[in-house]
Amino acid sequence: MVPEMSDHSGTSSLSQDSTQRPLSRRQVFERRQKRRSLLIALASSLAVIGLLVALIPQTPGWYKVKRSFFNGPILDETFPALLRAFVKDIQIFLWCAPCILVLGMLLAICRNVRSPLLFPLRLFAAAYTDIFRGIPVILTILLIGFGVPGLGMDRPWNSPYLWGSVALILAYSSYVSEVFRAGIESIHESQRAGARSLGLSTSQTLRHIIIPQAIRRVIPPLMNDFVSLQKDVALISLIGPIEILRQAGIDKSKYANFTPYVGAAIIFLLLTIPETRFVDHLMSRERRRTSGTAVR
Amino acid sequence: MTPKILLDDVHKSFGTRSVLKGISIEVAQSEVIAFIGSSGSGKSTLLRCVNLLESIDDGAIFLDGVDISAPGLNPDPVRQRIGMVFQSFNLFPHMTVLQNVSLAPHKVLGQSKKESESHARELIARLGLSDRADGYPDQLSGGQQQRVAIARSLAMNPEVMLLDEITSALDPELVGEVLDVVRELKSNGMTMLLATHEMGFAKEIADRVCFLHEGQILECSSPAEFFTNPTHQRTQQFLQRVTEAGRL
Ligand SMILES: Nc1ncnc2c1ncn2[C@@H]1O[C@H](COP(=O)(O)OP(=O)(O)OP(=O)(O)O)[C@@H](O)[C@H]1O
Ligand SMILES: [Mg+2]
């Protein structure tokens with residue numbers, strides 16, 4: 001019934017010939033500028049590192065520190081066992097992460113319900129996040145890890161792996177639920193109005209319109225939380241499981257040397273540095289997408 | 001005959017601020033009413049009340065003789081029958097044009113995915129956007145986005161359309177393509193309430209033009225009458241200001 005309204009939006013032909021054009025004055029300038037910045041950064045970094053390398057060994061205690069923290073032979077000997085123990089950390093991380101995501105999302109949704117019938121749910125979710133956000137993770141682990149097995153339950157139910165993981169899940173789901181909640185609240189009211197005006201119910205609006213957009217928005221901060229989780233898994237060592245930190249402690253006692261701790265730190269860094277770089281990359285991409293080009 | 005829509009002494013306030021102060025109007029089947037009035041006079045609030053996006057404090061709103069403003073009434077079935085298009089397009093940015101248009105028929109009316117999509121494609125084609133069906137809203141011009149928003153509402157086969165300044169966020173050269181769609185709706189007998197700043201368009205398309213001032217309808221008359229012979233002094237002043245601004 002409506003006459004066909006054609007769109008004369010011919011895809012631009014500009015993009016094609018731009019590759020063949022010689023560099024513009026600005027491009028030449030920017031390239032030179034960039035090369036200069038790079039050289040300066042390189043030179044100053046080398047100077048600082050060189051200074052450190054030259055000066056630290058001059059300190060009176062250096063040879064002792066070197067022997068007990070940076071001991072090559074001990075590192076060689078303990079590293080494989082550390083790596084094997086680290087597999088445990090990764091396993092714990094892998095089963096905690098999905099539980100945290102699901103629980104965190106449920107809590108965030110609970111805090112958003114407005115129905116008076118479900119008020120107790122909202123209250124519970126609020127109390128839950130307040131409590132577990134307010135206690136240091138390490139205390140949650142100690143309390144649950146030593147407290148619950150004290151109930152004297154049988155075999156699988158008294159495992160420190162289980163209760164250590166539960167403690168991590170409780171603590172981190174409260175952090176993650178706050179991230180989700182912020183994401184849900186950041187979706188503009190007009191999205192809700194648009195959906196409701198079509199006859200979608202509250203829960204359909206939440207499920208199809210609000211949550212999918214919220215999740216997209218919170219992926220970078222979520223990944224930050226999961227990098228922290230990766231590290232905090234090591235805290236479980238306090239209640240027994242032999243994961244990397246515990247293994248390092250055992251080796252430390254065995255060799256009376258701190259090098260195994262340095263080895264454990266190296267293993268963590270090998271995993272967390274790429275992770276944090278990736279999150280930074282996602283975040284800056286999101287920033288660019290939402291706030292246009294950077295201003296000089 | 002029962003009017004399609006009847007507003008009876010509708011009051012609405014936000015906190016202590018009274019925004020609608022006793023609005024009464026009858027809208028016949030297939031009638032097109034244009035609400036004009038200065039910014040803040042309550043046009044958007046009025047339309048949002050009819051769509052039950054805002055609950056009214058006093059008075060009543062009837063659709064086909066049934067009170068739809070009764071407290072406690074489930075608004076969802078009513079909203080299925082009344083489409084609304086907003087000033088800022090508020091399309092769903094995470095969905096393609098096709099998904100935007102087919103979502104509600106699929107989820108709310110229970111059409112199969114295939115059925116809702118083929119119906120959506122027809123609508124999208126009718127509005128001249130076939131080649132954009134699989135693109136995302138932010139890849140479209142403002143005029144195209146607003147046409148998608150109209151298609152999204154039409155997909156629910158509404159009996160009434162509420163259009164809230166649907167061209168005011170558009171560049172002047174894009175206004176025409178959106179107004180063409182509204183003309184087409186009128187020729188098909190759609191009952192419409194529209195808030196607009198486009199006096200020329202109100203004059204052309206409306207059966208009645210109503211002037212809203214501080215939450216009250218000061219006068220309602222045929223466009224010919226309204227624009228040449230306004231009775232109320234406020235209306236005269238408003239029209240004069242608009243004329244001076246070169247918008248009439
Ligand atoms: N949610 C709200 N809370 C508080 N005040 C509101 C709300 N919505 C609207 N108002 C107030 O109600 C009055 C009427 O607003 P409304 O948006 O209906 O005006 P309008 O006629 O559509 O104006 P415009 O032409 O600028 O769109 C305004 O003074 C506005 O500040
Ligand atoms: Mg308005």
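How many of the residues of α1(B) are buried? Seven of its eight residues are buried, so that helix is mostly covered. Here, buried means under 20% relative accessible area, exposed means over 50%, and partly exposed is in between (1.4 Å probe, protein chains only).

This is a predicted model, in which local features need pLDDT of at least 70, side-chain atom pairs count only at pLDDT 80 or more, and totals for chains, interfaces and linings use all residues. Residues are numbered from 1 along each chain as its sequence is written, chains are lettered from A and ligands numbered from 1 in the order in which they are written, and side-chain values use heavy atoms, with hydrogens and water left out.

**Helix α1 of chain B**

The buried residues of this helix are K43(B), T45(B), L46(B), L47(B), R48(B), C49(B) and V50(B). Helices here are DSSP runs (H or I, at least four residues), and strands are E runs of at least two, numbered from the N terminus. After α1(B) comes L52(B), whose phi is positive, near 65°.

Take T45(B), which is found in α1 of chain B. T45(B) has a relative accessible area of 11%, so it counts as buried. It touches K12(B), F14(B), V19(B) and L20(B), leaving out residues up to four places away in sequence. Contact means heavy atoms within 4.5 Å.

Beyond its neighbours within four places in sequence, L47(B) is in contact with M84(B), L162(B), L163(B), D164(B), L193(B) and A195(B). L47(B) and M161(B) are 114 residues apart in sequence, yet their C-alpha atoms are 9.8 Å apart in space.

**Around ligand 1**

Which residues are closest to ligand 1? They are R17(B), S39(B), K43(B), S44(B) and T45(B), out of 13 residues that surround the ligand. A residue is near a molecule if one of its heavy atoms lies within 4 Å of it. The shell divides into two nonpolar, eight polar and three charged residues. In this scheme, Ala, Val, Leu, Ile, Met, Phe, Trp, Tyr, Cys and Pro are nonpolar, Asp, Glu, Lys and Arg are charged, and the others, Gly among them, are polar. The largest share of the shell, three residues, comes from α1(B).

| Residue | Part of the residue | Distance |
|---|---|---|
| G40(B) | polar backbone atom | 2.9 Å |
| S41(B) | polar backbone atom | 3.3 Å |
| S44(B) | N or O atom in the side chain | 2.6 Å |

The protein covers 63% of the 630 Å² of accessible area that ligand 1 has on its own. Such areas come from the Shrake-Rupley method with a 1.4 Å probe. The elements that give two or more residues to the shell are β2 (17–27) and α1 (43–50) of chain B.

F35(B) sits in strand β3 (residues 32–36) of chain B. Its relative accessibility is 2%, so F35(B) counts as buried. Outside the four places on either side in sequence, F35(B) touches several residues, including K43(B), L46(B), L193(B) and A195(B).

Q145(B) is in helix α5 (residues 142–154) of chain B. Q145(B) is buried, because its relative accessible area is 15%. Leaving aside neighbours within four places in sequence, Q145(B) is in contact with F89(B), L91(B), P137(B) and L140(B).

Technical notes: A polar contact is a pair of N or O atoms within 3.5 Å; within protein, one must be able to donate a hydrogen and the other to accept it, and residues adjacent in sequence count only if both atoms are side-chain atoms.
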